[in-house]
Amino acid sequence: MNFKRVLLKSIIASVFILTFSCKPSSIKNQERVKTNINENWEYLENNATSIDIALNQKSWKNINLPHSWNALDATDLAPGYRRSASWYKKELNISDIISGQTYQLYFEGVNIESEIYVNGKKAGAHIGGYIGFTIDITNLISEGNNDILVRADNSNNPEVIPSQKSDFFIFGGITRDVWLVTLPENYLSNLKITTPQVSNSNAELLATVKVNNTIDSDFKIKADLLDSDGVSVASSVFDIVDNTSEIKFINIKNPKLWDTDNPNLYTLKVALIKNEEVKDEMSDRIGFRWFEFKDHGAFYLNGKRLLLRGTHRHEEHAGVGAAMSNEQHRADMELIKDMGTNFVRLAHYPQDPEVYKACDELGLLVWDELPWCRGGLGNDVWKTNTKNMLKEIIDQNYNHPSVIIWSLGNEVYWLPDFENGDNRENINTYLKELNDYAHALDPSRKTAIRKYYEGADIVDVFSPSIWSGWYSGSYKSYQKAIDQYKVEYPHFLHAEYGGSSHVGRHSENPITGEGKIQSDGWEEAIVQTDLENIAQIGDWSENYIVDLFDWHLRISENDSSFVGNVQWAFKDFGTPLRPENAIPYMNQKGLVDRNGIPKDAFYVFKSYWSNNPFTYIESHTWTEREGPKDTSRDISVYSNCPEVELFLNGASLGVKKRDIKSFPASGLNWTLNFNEGENKLVSVGKTKDGKEVKDELSINYRFTKNLKAIDLKLSHVILKNGNYLITATAIDKNGLRCLDYEERVYFQCLNGGEALISQGTPTGSEVIEMANGKASIEVKRTTKDQPLEVVVLNQSFKGTYLTVK
């Protein structure tokens, strides 16, 4: 994927090129303007229920948006996180109010319930934290300064999905962008675009657009369809009937199709005109594509079989929680695409507008999900809120060509919040209502649900639960599972598989569960206290997860009738349900850590999916190893090159051909003997056109096994950002690093700086389990006048101190 080319297309498509002869509006300042107002807000952490009480508080703090009060406390060491209300305040200056214009505030997301006040009066409210909404403030503002107040509330409310029993944090705050929108007296809205007929030779476009406020018969709609180069391919004038216009372009010749390799985007420009004068204009981008799930077969995009290569994305990042910048959203999606992914499930809620924009531009198909996650069926208020959310999701994301599935929920019957909430008959009645509603709102896309078997025949696409090798059974049972479900469900897409890995933790013999677990199982149980599975008995090593994913991908990539699978999850994310994990309160199933830094497993997927040539020696976080002299070790190289040569200390170990039917590493596996001391490995991959790509790894290997740990040793290095990386190493009486020491250690910065804590990353948690006898914390120096003092301890080791002068 040429990202520069995609960005250029995006810029071109975003520029309005007026291709028809209409005069610009002569009314002073009567125009559509959208202004970001993220900066210079004030925040009050107080759950006052009245605006007067809030305004009388003295503890307002200056902030910029996006913002969440759970950015750090969700992943700190205290059980639970703040579930309450807070206030936001902004002084909004509007220098000139034009008579007849409409003024709106547009919130991309306030989690999870909100009330908006303008100049002391309530302007509106919204239920649902993951969907944008508009508040009309026209009649409440005046020229000059205007006070905007927002009460955001993420309290436990069983009548609002997602359920509090979900396995992720519900971050409170104004977690996305906020905009001031000004509109002319007569303005356009609700532009909805469909492409009912698409083929390689021609296409059809249908759209509707609403005209707001009273108009006469002289008003018309001028529509212009531009290709990705800004060239007009269709243009016409349409009538307005009952304040709505239907736009239709038929027989669009040789459309440039949107697909995952070439995400060609068109732009539909719509103008409201009267007597050749433009009163308002708006636009959106679309893609021409069609898709099909074959019965008991594969998925097809634009008539060609496409194996869905998917992952999941939660909306959060280290240090900010869900209050991510647009740049951070974009970086996530680009890294997902760089791995070779063509499909992403947005779990378990709709996400920031920047995510859908990126998916359109990068070529990522989207499973968009209603946040009905656990909690069962609710009361009538719950039902109304949930149905309203579904409509808002579909209306908001309707025009995105990347979206192909509206998911109606996940594990919906688990852990009911209401009495009898897990009654299957009642759930099915409501699920059918939602399914019919989704199809009425959007007949062009499919519906789906995951892990609710009783509703599998209600929706279009179903995902059962297959967690082979983690929550149940062995990963070697994966083929049996998909063979069973391909027959059982007409449109079977496997969403969620994988397991946890602790960065830097490795084992010469990772636990596979053979001989200890029932190998043929794969279903995840709600309660696992009576089960033995790898999640409980495993070592959480990167090695094991690499093998698990390698096995799954080898099967999926070689099955011609398989729709595809969706790995869980792309990035480590926070959860209130996992305080005892290696990094407390983190779900560590990510292919990258919470900062977006790839783990070993990332390169397994890249080796199967990416076209950008590379090699990766497993593993760059495994540079200290041990074993008896003359003990052979297997080294895997993950690469997408047809052949790879491996060198040890300058000597070639031979060239191997890549074969995706072979396990492990598609046959790119060498058996060797390390020397004692430093060993340098170099892998050289050769592409079809003769280009070479390399990877290097130095391994310190020793023949002496360490004894029991007797001490913790602290050391430091200065990072490129100027911070200090403080590393604790467990050592035995001979000073050897204890590669088998995995106990939890506790860091504290005592003086001269502050540790980066509550980040949920391998170097950003003050409490963390050791990985092969090592753990680190990043520390920011706050003064040069005092020495930097850091301590690490646990119950066995009462305290090791490091002083950096």
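How many residues of strand β24 (residues 403-410) are buried? I began with this strand and counted eight of its eight residues as buried, where buried means under 20% relative accessible area, exposed over 50%, and partly exposed in between, with a 1.4 Å probe and protein chains only.

Ground rules for these entries: the model is predicted, local features need pLDDT of at least 70, side-chain atom pairs count only at pLDDT 80 or more, and totals for chains, interfaces and linings use all residues. Residues are numbered from 1 along each chain as its sequence is written, and side-chain values use heavy atoms, with hydrogens and water left out. I take helices (H or I, at least four residues) and strands (E, at least two) as DSSP runs, numbered from the N terminus.

Entry on the neighbours of β24. I looked up strand pairing, which requires that DSSP finds at least two bridges between two strands. Strand β23 (residues 365-369) runs parallel to β24 and is joined to it by four bridges, with W367 standing opposite I405 of β24. Strand β25 (residues 446-450) also pairs with β24 in the parallel sense, over four bridges, and there I405 has K446 as its bridge partner.

From β24 the chain passes through helix α6 (residues 424-441) to β25 in a right-handed β-α-β crossover; right-handed here means that, with the strands pointing away from the viewer, the path from the first strand over the helix to the second runs clockwise. I also noted a right-handed β-α-β unit made by β23, helix α5 (residues 380-397) and β24.

Entry on cis peptide bonds. The bond from L65 to P66 is cis, with omega near -5°, and P66 sits in the loop between β3 (61-63) and β4 (85-94). The bond from A347 to H348 is cis as well, with omega near -15°, and I placed H348 in the loop between β22 (343-346) and α4 (353-362).

Entry on positive phi. N254, although not a glycine, has a positive phi of about 45°; this residue lies in the loop between β15 (244-253) and β16 (266-274) and counts as exposed at 57% relative accessibility. N275, not a glycine either, has a positive phi of about 50°; I found N275 in the loop between β16 and β17 (277-286), exposed at 59% relative accessibility.

Entry on the annotation. In an unreviewed entry, UniProt lists residues 82-184 as "domain: Glycosyl hydrolases family 2 sugar binding"; its positions are given in the numbering used here, feature names are shortened, and annotations may be inferred rather than shown by experiment. In the model, this span is 0% helix and 48% strand, and its end C-alpha atoms lie 42 Å apart.
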